[in-house]
Amino acid sequence: MSNDYSPDLVTLVDEDNVEHNFEILDTIEFEGKEYYALYPVFDNAEDMVADSGEYYIMEANDSDEGWELSEVEDDDLIDKLSVIFEDRFADKFGEE
């Protein structure tokens with residue numbers, strides 16, 4: 001019996017064509033759209049310790065190449081999504 005507990009990872013490319021790796025913490029559907037909570041993956045422990053611990057909320061969009069993730073620009077929407085994600089995190093990972 002094989003138990004694979006490896007994280008779901010995604011690589012995003014920024015506007016400067018630099019790749020960044022993220023772990024997919026959770027996904028939700030809200031008002032007909034799909035949103036992802038992503039946490040940066042670091043190559044070394046020093047960067048991980050120095051990190052602020054913030055996660056990113058991205059919106060999944062259809063594109064000519066399949067789908068892509070883009071930043072959510074609406075602050076009110078981010079606030080609503082954050083509440084949903086954080087409630088789900090508390091259920092999944094505990095209150096801390």
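This is a predicted model: local features need pLDDT of at least 70, side-chain atom pairs count only at pLDDT 80 or more; totals for chains, interfaces and linings use all residues.

Analyst: Residues are numbered from 1 along each chain as its sequence is written, and side-chain values use heavy atoms, with hydrogens and water left out.

User: How are the rings of F22 and Y56 arranged, stacked or edge-to-face?

Analyst: Rings of Phe, Tyr and Trp (its six-membered ring) pair if their centres lie within 6.5 Å; planes under 30 degrees apart count as stacked, over 60 as edge-to-face and the rest as tilted. By this rule there are five aromatic pairs. For F22 and Y56 the centres are 5.8 Å apart and the planes stand at 80°, so the pair is edge-to-face.

User: Which strands does the pair of F22 and Y56 link?

Analyst: Strands (E, at least two residues) and helices (H or I, at least four) are DSSP runs, numbered from the N terminus. F22 and Y56 are 34 residues apart, and the pair links strand β2 (residues 19-30) with strand β4 (residues 56-63).

User: Is D26 buried or exposed?

Analyst: Buried means under 20% relative accessible area, exposed over 50%, and partly exposed in between (1.4 Å probe, protein chains only). D26 has a relative accessibility of 5%, whereas its salt-bridge partner R88 is at 34% and partly exposed. By the cut-off, D26 is therefore buried.

User: Which residues are joined with D26 into one network of salt bridges?

Analyst: A salt bridge is a side-chain nitrogen of Lys or Arg within 4 Å of a carboxyl oxygen of Asp or Glu. R88 forms one with D26, the closest N and O atoms being 2.6 Å apart, and K92 forms one with D26 at 3.4 Å. K33 forms a salt bridge with E59, with closest N and O atoms 3.3 Å apart. Through shared partners, the residues joined with D26 are R88 and K92.

User: Which residues does S82 touch, not counting those up to four places away in sequence?

Analyst: S82 is found in helix α2 (residues 75-93) and is buried, with a relative accessible area of 16%. Contact means heavy atoms within 4.5 Å. With residues up to four places away in sequence not counted, S82 touches Y55 and I57.

User: Which residues form one aromatic cluster with Y55?

Analyst: The rings of Y55 and F85 have centres 6.5 Å apart and planes at 75°, so they are edge-to-face. Both Y55 and F85 are buried. The residues that form one aromatic cluster with Y55 are F85 and F89.
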